Amino acid sequence: MFIHRLDDESWLKLLTAEDAEALFALIDSCRPHLRKWLPWVDWTQTAEDSKAFIAGGLQKFAAGSGFEAGIWHKGQLAGVIGIHYIDHANKKTSIGYWLGEQFQGIGLMTKACKAFVDYAFHELKLHRVEIRCAVENKKSRAIPERLGFTNEGTIREAEWLYDHFVDHVVYGMLAREWKG
């Protein structure tokens, strides 16, 4: 089980089937906010959909190829952060994240990302961590910028978002650069 305390009120915990209702409720409570940047929101229609997402994350965790953690604040599920994959041959990974609207602006995601980058470099012994964000998603982009990631460029029309393509900024951090 992966559990990591961020501060006195917040922690990360591997998502399990017991979290499916809370995850679905959080998604459902802020659909318009999430839908602006995330392509899977419309496909999440029931707690069973959230349970299936969690099951996939647990399979990745068991296989040593990534995982999804809930970001908890004052006993409430606030968002999700995940290691999308682990490329063991090239010693790299990619991190993705989102927060419920009501939990933004209090430093939760910066702390969560810092913990995940520390984990990737110190526990998983990876060499590179990447974060991709939509060019126009200023709040999401602020996280890697705040943590000292290098803006490595823009991938044009990198993601189909419901009815249009969005460009992504690629941020990278190498283990030797990480100050944690």
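Author: UniProt, in an unreviewed entry, places the feature "domain: N-acetyltransferase" at residues 10-176; its positions are given in the numbering used here, feature names are shortened, and annotations may be inferred rather than shown by experiment. This is a predicted model, in which local features need pLDDT of at least 70 and side-chain atom pairs count only at pLDDT 80 or more, while totals for chains, interfaces and linings use all residues. Residues are numbered from 1 along each chain as its sequence is written, and side-chain values use heavy atoms, with hydrogens and water left out.

Reader: Why is Glu130 called buried?

Author: Buried means under 20% relative accessible area, exposed means over 50%, and partly exposed lies in between (1.4 Å probe, protein chains only). Glu130 has 12% relative accessibility, and therefore it counts as buried. Its place is in strand E6, where helices (H or I, at least four residues) and strands (E, at least two) are DSSP runs numbered from the N terminus.

Reader: What makes the link between the side chains of Glu130 and Arg132 a polar contact?

Author: A polar contact is a pair of N or O atoms within 3.5 Å; within protein, one must be able to donate a hydrogen and the other to accept it, and residues adjacent in sequence count only if both atoms are side-chain atoms. The contact between the side chains of Glu130 and Arg132 is at 2.7 Å.

Reader: Why is Trp160 called partly exposed?

Author: Trp160 has a relative accessible area of 46%, so it is partly exposed, and Phe165 is partly exposed because its value is 45%.

Reader: How do you know that Trp160 and Phe165 form an edge-to-face pair?

Author: Rings of Phe, Tyr and Trp (its six-membered ring) pair if their centres lie within 6.5 Å; planes under 30 degrees apart count as stacked, over 60 as edge-to-face and the rest as tilted. For Trp160 and Phe165 the centres are 4.9 Å apart and the planes stand at 70°, which makes the pair edge-to-face.

Reader: What makes the charged end of Arg35 count as sitting over the ring of Tyr162?

Author: The rule asks that NZ of Lys or CZ of Arg be within 6 Å of the ring centre and within 35 degrees of the ring normal. The charged end of Arg35 sits over the ring of Tyr162, 3.7 Å from its centre.
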